[in-house]
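I opened the model today to look at its helices, its sheet and a few single residues. My notes follow in the order I looked things up.

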Amino acid sequence: MRDIKILPSLLAADMGRLEEACRQAEAASADGLHIDIMDGHFVPNLSMGPDVVRLARRTTKLPLSVHLMVSRPDWLADAFLQAGADTLLIHVEARCDPAPVLQEIRRQGVRAGLTLNPETPAAAVLPYRELLDEVLCMTVHPGFGGQVFLDEVLPKIRALRETLPGMVLSVDGGLNDETAARAAEAGADVFLVGSWLFTPEGDMSARLQKMRTCLQVALARGRSEREG
Ligand code: DX5
Ligand code: ZN
């Protein structure tokens with residue numbers, strides 16, 4: 001059975017208390033932390049830079065998944081590799097050839113991931129499959145937290161799971177226990193979750209456990225459907 005991983009996304013945390021947010025995720029037994037980097041060009045929003053990755057790196061032992069929503073990952077990847085990313089996710093729609101960037105990420109001993117926007121077909125990642133440790137399907141249009149999960153992405157997740165059976169498949173955007181379960185059934189195994197986990201009530205641990213249970217059930221159901 002594939003491993004399920006749930007990573008809280010720092011974008012939904014209180015920006016004035018990022019260290020506390022890192023510790024909260026660790027205390028809640030999260031499987032890592034997701035950090036969203038936006039350049040105001042690839043997406044119409046600005047978020048964090050390498051200093052936040054450095055801060056997370058020195059605050060927690062959790063693996064750091066860094067998501068570059070930037071037009072030129074070829075210019076910017078190195079700063080995030082230096083800052084301590086464990087996984088670096090770039091977009092296939094970015095304005096450069098992904099191959100040399102993915103190669104450089106791996107050369108530095110970091111996991112390399114390629115991300116697909118909701119409307120980008122699964123086939124776009126296939127030329128790069130040998131260079132990839134993870135494929136991320138956006139389940140919202142990137143740029144903002146708190147958006148509604150797009151069910152129309154599910155067939156693409158199913159197609160990727162069939163074509164790349166051994167690949168780590170992650171999903172990002174609009175996830176709660178129900179939408180994440182639908183993604184798990186389709187074949188996703190890593191869940192990047194912002195606003196549903198960073199609630200004002202601060203009950204991350206209970207929510208994480210609830211999501212994990214839902215995902216295990218959904219994953220088993222999805223697998224038996226695919227095999228049956
Ligand atoms: C959106 C980001 C996501 C975001 C998800 O562009 O890539 O990682 O934090 O937030 P929620 O879970 O609130 O949709
Ligand atoms: Zn993200």
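**Entry 1: helix α3**

I started just after α3, where G84 takes a positive phi of about 115°. I note here that this is a predicted model.

Next I went back into the helix. α3 covers residues 73-83. I asked which of its residues are buried. I found P73, A77, F80, L81 and A83. I then looked down the axis of α3. The buried residues fall within an arc of 155°, so they line one face of the helix. I checked the other side too. W75 and Q82 are exposed there.

What covers the buried residues of α3? My list includes three strands by name: β2 (33-38), β3 (64-69) and β4 (87-91). It also includes the helices α2 (50-59) and α4 (98-107).

**Entry 2: α4 and its partners**

I moved on to α4. Its buried residues are P98, A99, V101, L102 and I105. They cover an arc of only 165° around the axis, which puts them on the same side of α4. I looked for what they pack against and found α3, β4 and β5.

I took the α3 pairing next. The axes of α3 and α4 come within 10 Å and cross at roughly 10°. That angle makes α3 roughly parallel to α4, because angles under 35 degrees count as such. On the α3 side of the contact I listed P73, D74, A77 and L81. They meet V101, E104 and I105 in α4.

Then I turned to the strands. α4 lies across β4 and β5 (111-116). It runs at about 150° to β5.

**Entry 3: the sheet**

I traced the strand order. The sheet is open and has eight strands. I read the order as β1-β8-β7-β6-β5-β4-β3-β2, with parallel pairing. Which strands are at the edges? They are β1 (5-8) and β2, and each pairs on one side only. Neighbouring strands are turned by 25° against each other on average, direction ignored.

D172 stands opposite L192 in β8.

For β6, residues 134-138, I found five bridges to β7. These strands also run parallel. L136 stands opposite S170 in β7.

I checked burial in β7 as well. Four of its five residues are buried, so β7 is largely enclosed by the rest of the structure.

**Entry 4: α1 against α2**

α1 covers residues 18-27. Its axis and that of α2 come within 9 Å. They cross at roughly 45°. That makes α1 oblique to α2. I noted the hand of the crossing as right-handed.

I wrote down the contact residues. From α1 they are L18, E19, C22 and R23. They meet V52, L55, A56 and T59 in α2.

I35 came up first. Its place is in strand β2. Is I35 buried or exposed? I35 is buried, with a relative accessible area of 0%. I listed its contacts, leaving aside neighbours within four places in sequence. They are L10, M48, V52, V53, A56, L64, S65, V66 and H67. I also took a distance to V217, 182 residues apart from I35 along the chain. The C-alpha atoms of the two are separated by 27 Å.

S29 was next. S29 is found in the loop between α1 and β2. Its phi is near 60°, a positive value in a residue other than glycine. S29 is partly exposed, with a relative accessible area of 48%.

I finished with A159, which lies in helix α5 (residues 154-163). A159 is partly exposed, with a relative accessible area of 32%. I took its distance to L81, 78 residues apart along the chain. Their C-alpha atoms are separated by 31 Å.

Methods. Residues numbered from 1 in each chain as written. Chains lettered and ligands numbered in written order. Predicted model: local features only at pLDDT ≥ 70, side-chain atom pairs only at ≥ 80, totals over all residues. Heavy atoms only, no water. Buried < 20%, exposed > 50% of the residue type's maximum accessible area, 1.4 Å probe, protein only. Helix = DSSP H or I, 4+ residues; strand = E, 2+ residues; numbered from the N terminus. Arc of directions from axis to C-beta. Contact = heavy atoms within 4.5 Å. Pairing = 2+ DSSP bridges. Axes fitted to C-alpha atoms, helices over the stretch in contact; angles between N-to-C directions. Parallel < 35°, antiparallel > 145°, perpendicular 65-115°, else oblique. Left-handed = near helix turned anticlockwise from the far one by under 90°.
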